[in-house]
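Subject: A structure to look through

Dear colleague,

I am passing on a structure for you to look through, and below it I have written out what was found. Please keep it open beside you as you read.

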Amino acid sequence: MLPPSALFTIGRMTVPIKHRARWPRWGWLLLALGVLAVGGYVWWSAASADAAPAWLTAPVQRTDLEDTVLATGTIRAARMVNVGAQATGQVKALRVQVGDKVKAGQLIAEIDATTQQNALRDDLAALASLKAQRASRQAALTHARLALERQQTMMARDATSKAELQAAQNQLAAAEADLKANEMQLQQAGIKIETSRANLGYTRIVAPMDGTVVAVVTEQGQTVNSAMSSPTIVKLAKLDVVQIEAQISEADVTRLKPGMPAWFTLLGEPDKRYPTELKSIDLIPADQAKDTGGAVPATTGGTGAVYYNGVLQADNPDGHLRVSMTAQVHIVAASAPQALVVPAAALGAQDADGRYAVRVLVGEGRAEQVQTRAVRVGLNTRVQAQVLDGLQEGERVVIGQAKTPAEREAEGAASGEGM
């Protein structure tokens, strides 16, 4: 039974029906035709979707293209010095701590200088004694000269003997020798005093250069012995410029040369680029650069791979870059700024002229079609390729064919069966 009044919709027409009115036969016929038309449209749409291929495309666009060599590097200080002690004694005062910036000549530490001061006083006393001896010997030399002159005068008058004359000559020669020996002793004493003063100066440890204290090795109150070893007090590094040592594979080293631009990132800042430049590349592998005592060095990692150290430098005015950080280094072997590029996956076969076949999707909707064009390519990074001619910016190139709903459904069913 229908309600007292009802609305029946066919397409966009709404037909009121009253329960007491009898529906004519043409109404039922029209209803059947409408159902058949809707079902046919749905079936046709599904069939068309399965029949028409769906393409995976990428736009032709402009971007800065770089062909880079990737290497893993370690940040080092541009210059690092172990500031040690040349004096033996107890560290009385330590004037710096880790992180302090110091200037060349600035006092870093002081060692108890009692022994060195006493040695200097002893040498100064010895020098004073030798100077007193020199005055005595100069007087003896003057007396010997006068005695010889008197003997020579008397010999001319035949008032003395040859023995007396020779004795005066010998006495003068001895006085001259004594004075000369005294002069040598004075020089030795002066050298000893210079050494003692240097040793005393070594008790005051100063910075040999401008830099930052990166480590304090010896604490205040500790005793150091420079006679048995070279004790390090602090480590001083020049950090306003850092050096990056990058391991470059032998497969890439022939493509690189000093002066090439580069950039690197840190593990903690993968999106921030630090500009730099390749300064040099070692001529022998990194493992062979170390002294192995004549033994044959093992290859890196035991895999037979050969790596060469590449040296780069970067400014570090704020000290953000720290020693021993790991850097991902990108050395730019070639570049093309604002180049017209396509994905390398879009490149097809290469013809005799060196051009690549590239499929281009043109048209819209049902008028879409695929055209094949011969494209000349420049820089190719194996990810993106520079287009020199054959394509225009904004066009879409085919990089693959998407799977149809039926294929995706079949794959889903297969994966469900495999579980």
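Please bear in mind from the start that this is a predicted model. I begin with the aromatic rings, where the structure holds one aromatic pair. Phe-264 and Tyr-274 make up this pair, and they are stacked, with 5.2 Å from centre to centre and 15 degrees between the planes. The pair links distant parts of the chain, since Phe-264 lies in strand 12 (residues 261–266) and Tyr-274 lies in strand 13 (residues 269–281), ten residues apart. Phe-264 counts as buried because its relative accessible area is 1%, and Tyr-274 counts as buried too, because its value of 11% is also under the cut-off of 20%.

Another ring takes part in a contact of another kind: the charged end of Arg-273 sits over the ring of Trp-263, at 3.6 Å from the ring's centre.

Next, I would like you to find Asp-67, which has its place in strand 4 (residues 61–84). Is Asp-67 buried or exposed? With a relative accessibility of 17%, Asp-67 counts as buried, because the cut-off for that word is 20%. Its side chain is joined to the side chain of Arg-255 by a polar contact of 2.7 Å. If residues up to four places away in sequence are left out, Asp-67 touches Arg-255, Ile-331, Val-332, Ala-333, Ala-334, Leu-379 and Thr-381.

An α-helix has 3.6 residues a turn, so residues three or four places apart point the same way. Helix 2 is followed by Asp-158, which has a positive phi, near 65 degrees.

Finally, here are some totals for the protein chain, which has five helices and 19 strands. Of its 419 residues, 29% count as buried. Among contacts between residues at least 6 apart in sequence, 73% join residues at least 24 apart. The accessible surface of the chain comes to about 26500 Å², and 53% of this belongs to carbon and sulfur atoms.

Methods
Residues numbered from 1 in each chain as written. Predicted model: local features only at pLDDT ≥ 70, side-chain atom pairs only at ≥ 80, totals over all residues. Heavy atoms only, no water. Phe/Tyr/Trp six-rings, centres within 6.5 Å; stacked < 30°, edge-to-face > 60°. Helix = DSSP H or I, 4+ residues; strand = E, 2+ residues; numbered from the N terminus. Buried < 20%, exposed > 50% of the residue type's maximum accessible area, 1.4 Å probe, protein only. Lys NZ or Arg CZ within 6 Å of the ring centre and 35° of its normal. Polar contact = N/O pair within 3.5 Å; in protein donor to acceptor, adjacent residues only side chain to side chain. Contact = heavy atoms within 4.5 Å. Areas by Shrake-Rupley, 256 points an atom, 1.4 Å probe, with all protein chains shown as cover.
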